[in-house]
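Visitor: I am new to this structure. Please show it to me, then let me ask how you know what you say.

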Amino acid sequence: MLLNALTNYLQNQPATTDVAAGAAQAPSAADPIKEKDPAADSGPSLYEVSDRAVMVSAVAADFDVTALKAGELGSFQSRLQEFGLLQGAGLNALGMVHTARAGLSDSDTINAMALIDDAHSTAVSEGASYTRKQQISQLHTLFSNLASARPH
């Protein structure tokens, strides 16, 4: 259902601007300098939302990494993998969150963001292996993005 909503959203986005056409319209060094009227600029914005940002927002709408229910951890991981946000290295690091839920009931919550923050600071300060730092760093970045994309 969520995938259908994302597909519909992406299909209804305006067409991307042509970079070559934008470059052709850019003033050259030989053109006289003109004052630009901000009200006259009604063209499309140069800012485009990336597909990854849309996917992160979709996952963040369904899951809160600061209060993730222990029973939702499996579906959270599946959704991240389904959207291509979590691959090998990050998947290995997600094992820390799975380990933290041991002994908790399905209704208990886990602050996965705090767990990954602690692991990230520990890995950097204690000089963990490059592979371990890479795994934790990838998951830390993803969880930070999810936390900031969470609607308030």
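What follows is a short exchange about terms and the values behind them.

Guide: This is a predicted model, where local features need pLDDT of at least 70, side-chain atom pairs count only at pLDDT 80 or more, and totals for chains, interfaces and linings use all residues. Residues are numbered from 1 along each chain as its sequence is written, and side-chain values use heavy atoms, with hydrogens and water left out.

Visitor: What makes up the protein chain, in helices and strands?

Guide: The protein chain has 8 helices and 2 strands. Helices are DSSP runs of H or I, at least four residues, and strands are runs of E, at least two, numbered from the N terminus. Along the sequence the pattern reads α-α-α-β-α-α-α-β-α-α.

Visitor: Which residues of α7 are called buried?

Guide: Buried means under 20% relative accessible area, exposed over 50%, and partly exposed in between, with a 1.4 Å probe and protein chains only. In α7, Ala112, Met113, Ile116, Ala119 and Ala123 are buried.

Visitor: Why do you say that the buried residues of α7 line one face?

Guide: Down the axis of α7, its buried residues fall within an arc of 130°, so they line one face. The arc is that of the directions from the helix axis to the C-beta atoms. An α-helix has 3.6 residues a turn, so residues three or four places apart point the same way. The face of α7 turned away from the buried side carries exposed Ser125 and Glu126.

Visitor: What covers the buried residues of α7?

Guide: The cover includes α5 (88–93), α6 (95–100), β2 (109–110) and α8 (130–149).

Visitor: What makes a set of residues a nonpolar core?

Guide: Its members are buried Ala, Val, Leu, Ile, Met, Phe, Trp, Tyr and Cys residues, joined through side-chain atoms within 4.5 Å. The largest nonpolar core here has 29 residues; Phe76, Leu142, Phe143 and Leu146 touch the most other members. The elements giving two or more residues to this core are α3 (51–62), α4 (73–82), α7 and α8.

Visitor: Which residues does Leu142 contact, leaving aside neighbours within four places in sequence?

Guide: Contact means heavy atoms within 4.5 Å. Leu142 is in contact with Arg52, Val56, Leu80, Leu85 and Leu86.
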